Amino acid sequence: MVFVIGDIHGELSKLRLLLSKIKKLDKDPTCIFVGDYVDKGSDSFGVLKELISFKKENHCLFLWGNHDFQWWNLPNKNSIQNYLSKYGGVDTMKSLGASNILEAREILIDNFGGFFQKFKKYAFVDNYFISHSGINPKFINEEHLWNISINHFLFNREEFINLKSLYKGKYKTIFGHTAFEHPYVDDYKIGIDTGACYHKNRSLTAVCLDENYFVYSNNNILQPIDDLKNKNPKIIR
């Protein structure tokens, strides 16, 4: 079965719980991760090591998140250093044992550069289009996505969330980036960032595309996707 996993943000214990539940449901799953593996949570270093270990024995695809991409493009860009310092990069810095953002970036690339290089902008599974933050609405019918800047898959929020269109009239979008109080579901998209990094009781969430249910790190409920259709969850961040 195919599982798509939401934003992890350094939450190692929640990641381990969720992956163990997925493995109980399917001994040979395919896991697609929507990005934002680092920042905000306490153990980004541990998360990256866990993901690399997990992919050695499981089918995995890793997508870029905006936080991961900012670290990758950090050198000599004060604006990005300020962004990371403000939005959780200090937590990653501490988990890497670094004294500043630039030193943290060196450690990150030395240890995980090869892993980062394999990240993708987006993925397709059956009638689903998957990316970190959806897609810039002006490209909703674009045929050649590989020509589009990665930024158009990383930073979308309200304009995309309010969009009532399938990509190319066919593909429902699965996305993270915007943290909801519970998964977001409408006829056109599914949002699976449930703010795991914002409170100890908040869940890391996955969606099973074969059986149409959500899996949560913080309980044993397999919640049908349609249970949450058009429920308009509150945006946490």
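When I talk about helix axes today, I mean lines fitted to C-alpha atoms, for helices over the stretch in contact, with angles running from 0 to 180 degrees between N-to-C directions. Helices here are DSSP runs of H or I with at least four residues, strands are runs of E with at least two, and both are numbered from the N terminus.

Quick housekeeping. This is a predicted model, where local features need pLDDT of at least 70 and side-chain atom pairs count only at pLDDT 80 or more, while totals for chains, interfaces and linings use all residues. Residues are numbered from 1 along each chain as its sequence is written, and side-chain values use heavy atoms, with hydrogens and water left out.

OK, so how do α1 and α2 sit together? Their axes come within 9 Å and cross at roughly 20 degrees. That makes the two helices roughly parallel, a label for angles under 35 degrees. Which residues meet there? On the α1 side we have Leu12, Leu15, Arg16, Leu19 and Lys23, and they meet Gly46, Val47, Glu50, Leu51 and Phe54 in α2. Contact, by the way, means heavy atoms within 4.5 Å.

Two of those residues also form a salt bridge: Arg16 and Glu50, with the closest N and O atoms 3.1 Å apart. Arg16 is in α1 (residues 12-25) and Glu50 in α2 (residues 44-55), so this pair ties together parts that are 34 residues apart in sequence. A salt bridge, to be clear, is a side-chain nitrogen of Lys or Arg within 4 Å of a carboxyl oxygen of Asp or Glu.

Are these two buried or exposed? Buried means under 20% relative accessible area, exposed means over 50%, and partly exposed is in between, using a 1.4 Å probe and protein chains only. Arg16, at 46%, is partly exposed, and Glu50 is too, at 21%.

The whole structure has four salt bridges. Another one joins Asp186 and Lys189 at 2.9 Å, N to O, and both of those residues are buried.

Last bit: the inside. A nonpolar core is a set of buried Ala, Val, Leu, Ile, Met, Phe, Trp, Tyr and Cys residues joined through side-chain atoms within 4.5 Å. The largest one has 42 residues, and Ile8 and Leu51 are among those with the most contacts inside it. Helix α6 (residues 101-117) gives this core its largest share, six residues. Leaving aside neighbours within four places in sequence, Ile8 touches residues including Leu15, Val47 and Leu51.

Terms used
Parallel < 35°, antiparallel > 145°, perpendicular 65-115°, else oblique.
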